[in-house]
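The sequence and the model are shown below.

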Amino acid sequence: MNQMNSIFRLEGVSRQYGDVAALDGINFEASNNEYISLLGPSGSGKTSLLRVIAGFEKPDSGRVWFEGRDITDVPAHERGIGFVFQNFALFPHLTVFENVAFGLRNGIKEVPQDEITSRVFEAIEMVGLAGLEDRGTEQISGGQKQRVALARTLVMQPRLVLLDEPLGALDANLRDRMQTELRAIREKLDVTFLHVTGSETEALAMGDTVAVLDAGKVIQSGNSSEIYDAPASPDVALFLNRFNLFDGVATGTTFRGPFGQVATPVVRKASRDVYAIRYDRVQVFNMGDAIPGPALDARYVASEYLGSSIMYFFEAADGKTVEAEHHLSFGDPQDYKVGQHYVLSWDPAQAIVFGQEGAE
Amino acid sequence: MSDTTAPKGKLKSATPWLIAPGVVWMILFLVAPIVMIIYVSFWTQSTFSIDSTLTLASWKNFFSSEAYVGALWTTIRLWLIVLFLTFIIGYPAALFVGLLVKSKTVSTVLLVLCVIPFWTSFLIRVLAWRPMLGKEGAINIILMKAGIIAQPIEVLLFSELSVVIGMTQIYVVFMVGPIAFMLGRIDRNIIEAARDLGAGFGRIFWKIILPLSMPGVVVGAIFVSVMVLGEFATSGALSGRKVNLLGNIIVTQVGSLKWAMASVVGVILTVLLGIVVAGFLRIVDLKREL
Amino acid sequence: MESKILKPILAVYVGLFLLFLYGPFFVLGTLSFQQGPEGGPQFPIIEWSTYWYRHLFGMVPPSRIAPLPVGEALIRSLTLAFMTMVTATVLGVMAAQAFRKRFRGAGVVFYLIVLGMMVPGVLTGLGTSLLANNVLGIERHWWTTAFVAHVVYTFPFAFLVMLAILNRFDGSVEEASWSLGVSPIRTFRKVTFPLIFPGVLSAMLFAFTLSFDEFPRTLFASGRDQTLPLAIYGTFSVEIHPNIFAFGVMTTLFSFALLAVYGILMGLSVRRAKKQAMQEDIA
């Protein structure tokens, strides 16, 4: 990554709570003016990571760099890094206007009154809350609260904004709308968003860059299609929730799993042998069809529409659920009979195979 | 909030600055005075002055005087009686307020009613027992008018009885409060379940309600004990100087500038308190219960 | 089944219990209207009068009964209670604020503070006067030795009240403030303090009333100028007169006035928010 373009950098950041390592030697660098999603299951340390960057907590070891400056020992209020909380954390005793004006009024740098007024109105306008300036924080909806929280942060013109599951407290409809808006707002400003989420859909949809965090470590980062097409480990594949994962035995060139023995062009190095095939690569055949590649006997259980695609759920002989996704743009959905057995197959070249003896 | 442990790093922490004034204050004006009491109890007392030559004279003096040792026993006796009475009188009231009243509002109103008397000066509340209990007091007048007694009961005032009545009335609320609080936290479903299994109220009370309210009883007992053991005003006002508690001895000794003897009594009172409170804390592990 | 009988029985019992608590109170209120100056502090009421109230304010011709020395004592008590209230609340808020973070020795510090309300007044009073009299050799005054003893007593109450309030306080608003570039001290003033203000009021109320009525510590530590409870205590050994009951009624009314002020201040902070809300709804 280009050093000039880097906004912040973590060097071996560790943070321990009692015996549990929330952050375990994290190295991460983010480039300027980007939307970064940080994906991790609960307990992966993603909130701790944000809190360390924001300065609410000190790392036990490691350094935090921001705009080329080591800020590890700089207190939170001198960092100039914005933070948007999952629970909004609005000031309940202040109006919407005063919430947004709070940082300008009380910050270290004196801001003239008319500049405060114009900047606050501008920020409120930008998040689409014009007209609600005099409301109390209890008189607005959850989505509006989130916008106030965002306006309050953006009015300070930070170069980096940390968002801690900002959409977690909103209902599904609102979440989709806010996703689009968050991206749009960010693109208008010269600012980096670091957005923490436990939802892989959200992470992949929003991030220019997606970083996957597990057990206090960044296990993969890259742009969303990189992550999507080439998860670096079985764990990443698991978190993405886009892959059927099969245990088995990988030798140098083949993989033996519940679907038989299949030739594998590439085996990636991993801590265990796992065969991963994306949901939308799985094809469904009737019993008795001639199948060239891997063949997995599975019982059809149910289906579910996901807007532009339909998801079929099958149960394999070992009781494991196997999912097949069919994009509606590729044709009409099939009707399968519940309880009936089918054969699932795929092109082995599209599988991602992890093995203890793999390359890399 | 609670998940943020103190940062180990170099970020400047405000904690020492926030805590220091209070700690210094308590060490200078609470710990040091108590240490002083222990120290001065070994000083040499002459008629009107005292010097820091160490001696056991005052201690020997205390234990060889019938009046002083008697005061110790009186204190313990009165404490036990008042503790027992506050528990016996307070528990049923707490049971009603904390458990039987279904409406939160009624329960709060009752508790507030219990606390309101505290807004009158403590000393005046004590004093108000005099016209209640005296020979021509309210109780005697009512009893005589009702024809229950022919002669006024004289033992009501200026006796150990009046001190016990006065103290019980003043301190019973400190027993009711904690017990009602603990009873209020009992899950009503447990009691319903026990009832469904055919348990009678007596059984439910002994097996469920009383054990679950024990932490409240212990906290109440600690409150009452600490206050009764350190008492001297009620006994002074209502006993006509017939009842002398350790507290009364301290007051009179200081009044006649016998600092060493006052300190001896102070140390004995401290030890007694320590034993009582430690004893109660052994019954129930408050840290776990609360 | 049993509880159907038990409940009404206990309801009657609680009625009697309250009578027990309030009995002396009624007697006191009634006797304060005894005729004066001949009427004594006992029944029956010879004639209803407000003599003893007027006696209290020096509005009756001098008689053999000396007026209560309330004037100066009242001012001293109020001043002392105010000083105590401010000091105890400041110490309490600071200590409770520190307890939001875990720190080494927190347990010891907690017990040290709570000890102040657990040690009987007669001991703190004795110890403080020993320290002043025999070690430092300074004179005892209500505004020095008694004041520090009062704070030792009331600081734990203020501390516990604030601890309970801060336990329920969501710290993320403070972090939000820091992330907007506002220093921790200014954050405390502009965010934390306004939000915990109701708790601070309660702590102040506790400290003020406890100090105003404090007696055993004051007895030992206050030196020659009397506070109000000491003036009342002075009447214990001598003959009492209904003026002390009239005074009791007055102090109770004063306490209620204080409670009312507390209630109004509490109500105002809630009302302000509500009023704003209503105007918005109309608009």
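Leaving aside residues up to four places away in sequence, C:A207 touches C:T84, C:M85, C:A88, C:T89, C:T154, C:F157 and C:A158. Contact here requires the C-beta atoms of two residues, placed from the backbone, to lie within 7 Å. The model is predicted: local features need pLDDT of at least 70 and side-chain atom pairs count only at pLDDT 80 or more, while totals for chains, interfaces and linings use all residues. Residues are numbered from 1 along each chain as its sequence is written, and chains are lettered from A and ligands numbered from 1 in the order in which they are written.

C:A158 and C:A207 touch the most other members of the largest nonpolar core, which has 149 residues. Helix α8 (residues 160–184) of chain B supplies the largest share of this core, 15 residues. Chain C also takes part, with at least three residues from each of domain 1 (2–56) and domain 2 (71–238). A nonpolar core is a set of buried Ala, Val, Leu, Ile, Met, Phe, Trp, Tyr and Cys residues joined through C-beta atoms within 7 Å. Buried means that 20 or more other C-beta atoms lie within 10 Å of a residue's own; exposed means 12 or fewer, and partly exposed lies in between, with C-beta atoms placed from the backbone.

The contact between chains B and C takes 68 residues from chain B and 71 residues from chain C. On the chain B side, helix α1 (residues 15–40) gives the most, with 16 residues. That side of chain B has 50 nonpolar, 15 polar and three charged residues. In this classification Ala, Val, Leu, Ile, Met, Phe, Trp, Tyr, Cys and Pro are nonpolar, Asp, Glu, Lys and Arg are charged, and the others, Gly among them, are polar.

Overall values for these two chains follow.

| Property | Chain B | Chain C |
|---|---|---|
| Helices and strands | chain B: 14 helices, two strands | chain C: 11 helices, zero strands |
| Radius of gyration | chain B: 24 Å | chain C: 24 Å |
| Buried residues | chain B: 43% of 290 residues | chain C: 46% of 283 residues |

Helices (H or I, at least four residues) and strands (E, at least two) are DSSP runs, numbered from the N terminus. For chain C, a compact globule of 283 residues would have a radius of gyration near 19 Å. The radius is taken over C-alpha atoms, and the globule rule is 2.2 Å times the number of residues to the power 0.38. The C-alpha centres of domain 1 and domain 2 of chain C lie 34 Å apart; the domain bounds come from an automatic or database domain assignment.

In chain A, strand β1 (residues 6–17) and strand β2 (residues 20–31) run antiparallel, joined by eight bridges. Strands pair if DSSP finds at least two bridges between them. A:F8 has A:A30 in β2(A) as its bridge partner. The hairpin of β1(A) and β2(A) has two residues between the strands, and A:G18 takes a positive phi near 60 degrees there. Five bridges join β1(A) to strand β4 (residues 61–66) of chain A, also antiparallel, with A:S14 opposite A:S61 in β4(A).
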